[in-house]
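Trainee: I have a structure to read and would like to check the terms used for it. Could we go through them one at a time?

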There are 2 protein chains.
Amino acid sequence: MKLQQLRYIVEVANNELNVSLTAEKLYTSQPGISKQIKLLEDELGAQIFQRSGKHLSGITPIGEKVIEVARSILNKTYDIKVIAQEFTKPNLGTLSITSTYTQARYALPPVLQKFMQSYPEIALKMEQGDSSQCITNLKNRVTDFAVLTDLTDLTDEMIALPCYHWNQAIIVPQAHPLAQKVPISIEDLAQYPLISYDSAKDGTDIIQTFINAGKSANVIFNTADADLIKTYVRLGVGVGVIAKMATNEVQDQDLVILNASAIFSYNTTYIVFLRSLYLRNYMYDFISQFSAHLDKKTVNQAILCTDTNQVLTMFNGVKLTVK
Amino acid sequence: MKLQQLRYIVEVANNELNVSLTAEKLYTSQPGISKQIKLLEDELGAQIFQRSGKHLSGITPIGEKVIEVARSILNKTYDIKVIAQEFTKPNLGTLSITSTYTQARYALPPVLQKFMQSYPEIALKMEQGDSSQCITNLKNRVTDFAVLTDLTDLTDEMIALPCYHWNQAIIVPQAHPLAQKVPISIEDLAQYPLISYDSAKDGTDIIQTFINAGKSANVIFNTADADLIKTYVRLGVGVGVIAKMATNEVQDQDLVILNASAIFSYNTTYIVFLRSLYLRNYMYDFISQFSAHLDKKTVNQAILCTDTNQVLTMFNGVKLTVK
DNA sequence: AACAGTTACGTAACCCGTAATGATA
DNA sequence: TATCATTACGGGTTACGTAACTGTT
């Protein structure tokens with residue numbers, strides 16, 4: 001058994017069982033892959049791929065399991081290289097993060113700026129997407145970390161650590177009737193069309209709040225962008241509900257920013273990563289800088305938890321910062 | 001990076017950093033190993049072994065981590081082979097168990113007999129040792145399972161599943177004053193020298209029972225063997241305290257067997273195995289046959305627990321059989 | 001002086017790439 | 001017929017073993 005053989009079966013499985021395509025991607029030849037796969041199958045005494053004549057038509061049950069283990073083996077060989085790097089070049093490496101818009105725009109920048117000063121040689125990669133894209137990137141090992149609020153798509157292979165709470169804010173033009181009304185009640189709010197994030201979680205949370213109060217809401221969702229919501233609010237389309245951290249007293253002088261924490265319950269933002277990710281020291285540092293209570297020891301302890309509920313109970317007593 | 005290189009560094013670490021000895025054990029040459037290690041170190045850009053001149057004098061911090069990951073990679077390659085076997089030859093394989101004396105002598109035989117009938121082609125390996133030897137065998141992957149009562153030496157890499165409870169019995173010669181005394185109190189027992197197992201756990205448990213009752217005990221420990229204890233009891237040396245399942249009404253007709261469950265609290269016997277062990281179907285079957293409540297699903301669920309306490313709480317409500 | 005690891009070198013295995021062949025949709 | 005996997009074959013790499021060398025205890 002050789003590591004290349006494992007690499008080949010994994011990659012063939014990743015490329016729709018197309019050996020030619022796989023060969024191209026790996027910069028090698030079809031026959032080479034074909035032969036190595038066959039050699040491995042011979043050694044194991046079992047077929048990994050089903051064939052209809054000469055075409056690979058599927059993965060056998062054995063193959064499924066073998067490929068799964070092969071994947072984890074290959075990940076570990078990658079870990080070994082990372083470990084060596086960690087010692088030889090502790091300040092060289094990559095930190096890649098996928099996050100949702102609000103986090104990328106408002107929560108991450110100050111942290112990343114500080115991080116880049118501490119580790120000028122670490123290459124930063126940022127990607128923005130919705131919650132499920134964040135999770136997909138983690139799964140495919142495209143990014144190391146995801147920063148998001150909606151844990152719906154989380155799987156067991158991932159760890160989600162609570163970072164901070166944040167509240168929604170209500171924004172209206174200065175001339176709006178609600179601008180003078182403090183405090184605002186949910187009844188007040190129900191009278192106007194709402195504009196908020198186009199996220200499954202935010203959406204259901206907001207609607208649920210109205211349902212709980214026995215009201216029906218007129219909610220207009222737009223595409224995930226707080227700045228766009230502000231624009232609509234300025235046009236008088238409706239009342240905006242955005243993250244409080246997305247408001248700025250200077251830039252938003254023409255708007256009135258109202259505290260919504262009494263109406264909408266707070267959200268929690270999490271940092272998520274694969275349990276199998278080898279955490280380099282600068283990664284621990286990034287996590288700590290992002291969320292002060294998540295020091296190296298705490299993170300390591302959390303990784304040992306088997307499921308997210310266990311992680312959450314671990315942080316039950318911890319007072320998170322509110323943004 | 002090649003699997004052989006990983007095999008070499010792991011084996012050299014296992015053989016006191018002696019490359020020559022390692023080469024002999026692996027049926028290969030010293031220079032071959034030396035060179036491959038060097039190649040790996042070059043690829044990683046870091047030394048795995050410390051050298052004083054030309055001698056390997058230690059493992060570097062990087063090496064420690066690399067070797068640890070290499071070990072798990074090699075275990076997984078072994079898993080792949082086992083997976084293939086599981087499908088191609090589901091009834092062929094090995095089941096090796098280390099257990100303490102009483103379990104090997106009284107609890108395991110009927111189960112193993114039944115198991116051998118179900119799986120005539122599985123090669124059985126039995127080894128007997130004290131609790132710490134059982135654990136050591138697991139660690140070194142010499143045996144698949146350990147059956148024991150004392151979990152003192154257990155580590156996080158292992159899973160211990162509770163199988164059954166068992167009680168101590170008191171045995172005395174027919175002519176002994178205690179023979180007629182039913183029920184027996186701890187005060188009665190304190191008047192005679194006791195003979196019991198030479199096990200850390202049994203010993204402290206028994207002594208603790210006396211301490212809790214405010215009594216001092218005169219306990220003679222012998223070498224772990226219930227039959228030997230019976231012999232001493234027959235000679236009138238003292239009162240025997242042995243597992244109830246180690247008594248036999250027919251063979252021990254000359255002795256009086258007294259219930260001790262009111263005096264000594266019950267013990268729990270566990271089946272222990274490495275979390276990383278790939279469990280073959282016949283192994284699940286063995287576990288179920290040994291302990292009816294441990295079906296495949298339950299075992300898989302327990303494996304997901306991170307520590308033993310979690311496993312134990314999982315079985316809190318389960319009524320275990322008493323032997 | 002005995003032992004242990006590295007270097008040097010020749011051989012044999014093997015991985016890979018090109019070309020040809022066979023099978024499939 | 002075009003696509004794709006397998007088989008056949010040749011070349012270059014490499015892993016391994018023997019032998020000689022060098023450093024350690």
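Trainee: Which strands of chain B does helix H6 lie across?

Mentor: First, note that this is a predicted model. Helix H6 (residues 131-139) of chain B lies across S3, S4, S5, S6 and S12 of chain B. Its direction runs at about 165° to S5(B).

Trainee: What makes S4 and S13 of chain B edge strands?

Mentor: Take the order of the open sheet of six strands in chain B: S4-S3-S5-S12-S6-S13, with mixed pairing. Strand S4 (122-128) and strand S13 (321-322) each have a single partner strand, so one side of each has no neighbour in the sheet. That is why they stand at the edges.

Trainee: How do you know that S5 and S12 of chain B pair?

Mentor: Two strands pair if there are at least two bridges between them. Strand S5 (residues 145-148) and strand S12 (residues 267-274) of chain B have four bridges, in the antiparallel sense. They therefore count as paired. B:Val147 stands opposite B:Ile271 in S12(B).

Trainee: Which residues make the contact between H5(B) and H10(B)?

Mentor: The axes of the two helices come within 10 Å and cross at roughly 145°, and the crossing is right-handed. H5(B) brings B:Val111, B:Lys114, B:Phe115 and B:Ser118, while H10(B) brings B:Asp285, B:Phe286, B:Gln289 and B:Phe290. By class, that contact has four nonpolar, two polar and two charged residues.

Trainee: Why is the relation between chain A and chain B called a two-fold axis?

Mentor: Chain A is superposed on chain B by a rotation of 180° with 0.0 Å of shift along the axis, at an RMSD of 0.1 Å. That is the relation of a two-fold axis. In chain A, the C-alpha nearest the axis belongs to A:Ile73, 2.8 Å from it.

Trainee: How many residues surround DNA strand C, and which are the closest?

Mentor: There are 24 residues around DNA strand C, and the closest are A:Thr28, A:Gly53, B:Val19, B:Pro31 and B:Ser34. H3(B) gives the most to this surface, with five residues. By class, the surface has five nonpolar, 13 polar and six charged residues.

Conventions:
Residues are numbered from 1 along each chain as its sequence is written. Chains are lettered from A and ligands numbered from 1 in the order in which they are written. This is a predicted model: local features need pLDDT of at least 70, side-chain atom pairs count only at pLDDT 80 or more; totals for chains, interfaces and linings use all residues. A residue is near a molecule or strand if its C-beta atom, placed from the backbone, lies within 6 Å of it. Ala, Val, Leu, Ile, Met, Phe, Trp, Tyr, Cys and Pro count as nonpolar, Asp, Glu, Lys and Arg as charged, and the others, Gly among them, as polar. Copies are superposed by least squares on the C-alpha atoms of residues with pLDDT of at least 70 in both. Axes are lines fitted to C-alpha atoms, for helices over the stretch in contact, and angles run from 0 to 180 degrees between N-to-C directions. A crossing is left-handed if the near helix is turned anticlockwise from the far one by less than a right angle, and right-handed if clockwise. Two residues are in contact if their C-beta atoms, placed from the backbone, lie within 7 Å.
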